[in-house]
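Take a walk through this fold, from its overall dimensions down to single residues. Keep the sequence and the model side by side as you read.

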Amino acid sequence: MTASLKDSISLQVVLGTQWGDEGKGKVVDLLGENADIVARYQGGPNAGHTVEFDGECFILHHIPSGILRDHTKCIIGNGVVINPDSIMEEIAFLENKGISVLDRLFISMNAHLILPYHHLIEKAFEGREGGLAIGTTGRGIGPAYADKINRVGIRMGDLLDSNGLTEKISQNVHMKNRILEKVFNAAGVDVTELLEGLHNFRENVRGCITDTTWMLHQELQKEKRVLVEGAQGTLLDIDFGTYPYVTSSNTTIGGLSTGLGISVRKVDRVIGVIKAYTTRVGNGPLPTELEEDFGEKIRKIGGEYGATTGRPRRCGWFDGMVARFATQINDVDVLAVTKLDVLETIEQIQVCTGYRYQGKELDHYPMSNRILDEIEPVYEVLPGWQAPITEIRKYSDLPEEARNYLSKIEEITGLPIGIVSVGPNREETIWK
Ligand code: IMP
């Protein structure tokens, strides 16, 4: 592995080490300068990757943030779920801003579609009486992945076979409408309208649908530089997260293999994006959650409102147990610490270094919500730097207290920090 994140490398991955919203969009955009291809492996329009430059703010939901660099090709892998209307809106938004998309976007023929019945089923499920609301983004993600696993999903490649599509959609709508009407007492969807919309969608994206796995292998053979982008974060992973309060895909490193068709053995570097504090949106455990007043303060300074739904994010102190767990299971090589500037007014910063459970300190992160609900975080208190840092570009120019805080993160994780983000803009970055 080369030392600097600015050095070019064949295959690198950027993924989230907390509950999403770590600032992956900005990191992918920064590294995208030195990438030929940027590929996304899972999730869908539940993600909201925010990138700011030249006074403009872009929020991307399906399309990899690499699209904002005009030399990159972008791939949406088979592991992603796509909402036809919302991806078309995203493409139109970018093209209106003068960013060419359709000639640089490649969508896996095996990526699944999110269809109107998925939204309706999710809404009925989340709102059901006595049910366990996950607090989803309401984008139909869970039902779309459920159909994939249940082998009744509609894939991008199905759009290219009109008769087959009509048959599959008709069968699905028949079944889903019965569930909606009979179980949830809700209205179903109109099959003709749905098919019409899908035919229009096909005409718009026909040229983008391809075998992206073959394409990626070809590009890697030509020694092109590939940057892979994960969505959400490790603790939202369907297997390793705080289940059931998770998303419906593998956000962790394994998702790269199943969501793109590349072996993890090909990965040269894993970059773990970690926010200088913790946030989560939606329900479920958050061991270091701040009291409401203080949480509100951080939320306001950090603009911690969901990029997709606008919901206020819950805020907490940096959680070293989560950081160690996430960096271990993803085999992270180097960290990108984001939003350090948000802490610049805080007098005393707490860092969670362990969890106490039933009077004893745990030696590893417990993958159990029951235990997480009962643990007591063990904190170390570090003095804040209480000075603005957004204009700083050199690590050595950071106040000593800020450097100490970062060193603590390195000590807890045993990993080096390669990037420190001190503001939302591209330039507001320190390369270590
Ligand atoms: P879903 O992915 O919409 O099914 O939502 C499941 C859980 O994941 C909810 O707690 C959401 O708030 C959370 N979630 C999904 N996508 C994101 C994201 O991009 N950032 C942060 N949280 C997310």
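Start with size. With 432 residues, a compact globule would have a radius of gyration near 22 Å; the protein chain has 22 Å, so the two agree. Bear in mind that this is a predicted model. Along its principal axes, the C-alpha trace spans about 65 × 55 × 40 Å. Buried residues account for 56% of the 432 residues. The chain exposes about 18,300 Å², and carbon and sulfur atoms supply 48% of that area.

Now the make-up. The protein chain has 12 helices and 20 strands. Contacts across the sequence matter for reading what follows. Take the contacts between residues at least 6 apart in sequence: 76% of them join residues at least 24 apart.

Strand 1 (residues 11-16) runs parallel to strand 10 (residues 226-229), and four bridges link them. Here Leu-11 stands opposite Val-226 of strand 10.

Next, follow the sheet order to strand 19. How many of the five residues of strand 19 are buried? Five of the five are, so strand 19 is largely enclosed by the rest of the structure. With strand 15, the pairing is parallel and covers three bridges. With strand 20, the pairing is antiparallel, over three bridges. Ile-419 takes part in both pairings: Ala-336 stands opposite Ile-419, and Trp-431 in strand 20 is the bridge partner of Ile-419.

Helix 12 (residues 400-413) has 14 residues. From its first C-alpha to its last, helix 12 reaches 20 Å, close to the 20 Å expected at 1.5 Å a residue. Which residues of helix 12 are buried? They are Ala-402, Tyr-405, Leu-406, Lys-408, Ile-409, Glu-410, Ile-412 and Thr-413. The buried residues of helix 12 pack against strand 14 (318-319), helix 10 (320-329), strand 15, strand 16 (348-357), strand 18 (376-383) and strand 19. Just after helix 12 comes Gly-414, with a positive phi of about 70°.

Positive phi also turns up away from glycine. Glu-223 has a phi near 65°, a positive value in a residue other than glycine. Glu-223 sits in the loop between helix 7 (212-221) and strand 10. Is Glu-223 buried or exposed? Its relative accessibility is 68%, so Glu-223 counts as exposed. Gln-358 is another non-glycine residue with a positive phi, about 50°. Gln-358 belongs to the loop between strand 16 and strand 17 (360-361). With a relative accessible area of 67%, Gln-358 is exposed, because exposed means over 50%.

Finish in the loop between strand 10 and helix 8 (254-260), where Pro-244 lies. A cis peptide bond joins Tyr-243 and Pro-244, with omega about 5°. Ala-231 has its place in the loop between strand 10 and helix 8 too. At 1% relative accessibility, Ala-231 counts as buried. What does Ala-231 contact, leaving aside its neighbours within four places in sequence? The residues are Lys-24, Arg-40, Gln-42, Ala-47, His-49 and Thr-251. His-49 and Ala-231 are 182 residues apart along the chain, yet their C-alpha atoms are separated by 8.3 Å.

Terms used
Residues numbered from 1 in each chain as written. Predicted model: local features only at pLDDT ≥ 70, side-chain atom pairs only at ≥ 80, totals over all residues. Heavy atoms only, no water. Pairing = 2+ DSSP bridges. Helix = DSSP H or I, 4+ residues; strand = E, 2+ residues; numbered from the N terminus. Rg over C-alpha atoms; globule rule 2.2 N^0.38 Å. Buried < 20%, exposed > 50% of the residue type's maximum accessible area, 1.4 Å probe, protein only. Contact = heavy atoms within 4.5 Å. Areas by Shrake-Rupley, 256 points an atom, 1.4 Å probe, with all protein chains shown as cover. Expected span 1.5 Å × (residues − 1).
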